[in-house]
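Subject: Structure handover

Hi there,

Here is the structure I promised to pass on. Have a look at it first, and then read on for what turned up.

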Amino acid sequence: MNTRLDLAFAALSDPTRRAILTMLLEDDMAVTDVAEPFEMSLAAISKHLTILTRAGLISQEKRGRVKWCKLEPDALREASIWMQGFGQFEPVNLDAFERFLETELRDEQTS
């Protein structure tokens, strides 16, 4: 796998980051608005946003004194294409892929 794909899957491995991506499907959001529904510090949310940004899944832009987050719509294309190669996943059904990986890891640990 290439580094960009590795970064995307690492970023998607966390449920908070997946929730942030879901929120950004609606529209661009200020960092403070992204943080609002989560019971964690703004610093913790900023770390999640940094990971998503490094993976290329979102972009961040400062507008005045407010930092805005925007979903990068084509960012998951490479991951989706890679998963389609297995033939058992929907184009971007990341929840199913996560359940598959959890099952595989659990099976390996009990063996």
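A word on terms before the details: a residue is called buried when its relative accessible area is under 20%, exposed when that value is over 50%, and partly exposed in between. Asp28, with a relative accessible area of 26%, is therefore partly exposed. Please keep in mind that this is a predicted model.

Because Asp28 sits in the loop between helix 2 and strand 1 (29-30) while Arg63 belongs to strand 2, the pair ties together parts that are 35 residues apart in sequence. Arg63 is itself partly exposed, at 36% relative accessibility.

Arg63 has another partner too: Glu61, with the closest N and O atoms 3.5 Å apart. Glu61 has a relative accessible area of 44%, so it counts as partly exposed. Through shared partners, salt bridges join Asp28, Glu61 and Arg63 into one network.

How many salt bridges does the structure hold? There are four. One of them pairs Glu78 with Arg4, where the closest N and O atoms are 3.3 Å apart. This pair links distant parts of the chain, with Glu78 in helix 5 (residues 77-84) and Arg4 in helix 1, 74 residues apart. Glu78 is partly exposed at 26% relative accessibility, whereas Arg4 is exposed at 57%.

Now to helix 4 (residues 42-54). Its 13 residues reach 18 Å from the first C-alpha to the last, close to the 18 Å expected at 1.5 Å a residue. Which residues of helix 4 are buried? They are Ile45, His48, Leu49 and Leu52. Viewed down the axis of helix 4, these buried residues fall within an arc of 100°, so they line one face of the helix. On the other side of helix 4, Lys47 and Arg54 are exposed. The cover over the buried residues of helix 4 includes helix 1 (3-12), helix 2 (15-26), helix 3 (31-35), strand 2 (58-63) and strand 3 (66-71). After helix 4 comes Gly56, with a positive phi near 80°.

Helix 2 deserves a look as well.

How values were computed:
Residues are numbered from 1 along each chain as its sequence is written. This is a predicted model: local features need pLDDT of at least 70, side-chain atom pairs count only at pLDDT 80 or more; totals for chains, interfaces and linings use all residues. Side-chain values use heavy atoms; hydrogens and water are left out. Helices (H or I, at least four residues) and strands (E, at least two) are DSSP runs, numbered from the N terminus. The expected span of a helix is 1.5 Å times one less than its number of residues. Buried means under 20% relative accessible area, exposed over 50%, partly exposed in between (1.4 Å probe, protein chains only). The arc is that of the directions from the helix axis to the C-beta atoms. Contact means heavy atoms within 4.5 Å. A salt bridge is a side-chain nitrogen of Lys or Arg within 4 Å of a carboxyl oxygen of Asp or Glu.
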